[in-house]
Amino acid sequence: MDRSLAEPWTTGQRVLAGTLLGCAFLLLLLFALNIPFSHPSSSILYKFGWDKTLLRGGKIAGITVILLLAMQPVLIARFSLLGRIFGTSSHFTLHRVNGFILCCLIPLHPVLVRAAENFAPIPFVKKYWPEYLGIVLICLLFLLGAGALWRKKIPLAYPLWRTVHALSGFLLLIAALVHAHFVSTSFQAGLPRIFLFALAAATTLLFFRLRKRILT
């Protein structure tokens, strides 16, 4: 093993690497948040004024939730690069903080989207299954967050809880990508579709990288 790889980084190296990593994530976030503007869905095209602003805001909140949700398994994957930048113990702190931000953002997506429709009820018919998948996802994500917050009150051994929590997180992320693809025409062609499929592929690869840790 190369000795230089095992040596801790200086503060300057950590700051530089952290800045570059932050800029890369910011560029990815800006690209994702620009999708409702550069590739507006058919629902946005038929909206005007305040309703259009609300709908765009709801879609931006939804896209942000998906990106932050995709970051959760990355933060606990113990990548050596992240460990060198943030420190080994910081992974789980960042994971918890990111989870808190997620819980704050999740309600914004359905509230803003439904506000653009004057909170009209969604017909209970087959073609609206992506919307109902989204409702189920919101409920399950809150349960996942609550399970992490009050873990000590759950009558499960920590290894079993960790397996359930991690596996549920991966499955909910894939379900969120399915929801995004079918609920909005923005993600059914072009760069947004590539972006969504790339996230799905990265999530799958990450799961196989962590599967031994998750399933044992």
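**Helix packing and aromatic rings in a predicted model**

Good morning. I begin with His165, which lies in helix H10 (residues 158-183); helices here are DSSP runs of H or I with at least four residues, numbered from the N terminus. This is a predicted model, in which local features need pLDDT of at least 70, side-chain atom pairs count only at pLDDT 80 or more, and totals for chains, interfaces and linings use all residues. Residues are numbered from 1 along each chain as its sequence is written, and side-chain values use heavy atoms, with hydrogens and water left out.

Is His165 buried or exposed? His165 has a relative accessible area of 17% and is therefore buried (under 20%; exposed is over 50% and partly exposed in between, with a 1.4 Å probe and protein chains only). Leaving aside residues up to four places away in sequence, His165 touches His95, Leu144 and Ala148, where contact means heavy atoms within 4.5 Å.

I turn to a helix pair. Helix H5 (residues 49-75) packs against helix H7 (residues 90-105) at an angle of about 160°, and their axes are 9 Å apart. H5 and H7 are therefore roughly antiparallel (an angle over 145 degrees). Residues in this contact include Leu68 and Leu69 of H5, and His95 and Leu102 of H7.

Finally, the aromatic rings. How many aromatic pairs does a search of the whole structure find? The search finds six, counting rings of Phe, Tyr and Trp (its six-membered ring) with centres within 6.5 Å. Phe207 and Phe208 form an edge-to-face pair, 5.8 Å centre to centre with 75° between the planes; edge-to-face means over 60 degrees. Together with Phe170, Phe207 and Phe208 form one aromatic cluster.

Methods
Axes fitted to C-alpha atoms, helices over the stretch in contact; angles between N-to-C directions. Helix = DSSP H or I, 4+ residues; strand = E, 2+ residues; numbered from the N terminus. Parallel < 35°, antiparallel > 145°, perpendicular 65-115°, else oblique. Phe/Tyr/Trp six-rings, centres within 6.5 Å; stacked < 30°, edge-to-face > 60°.
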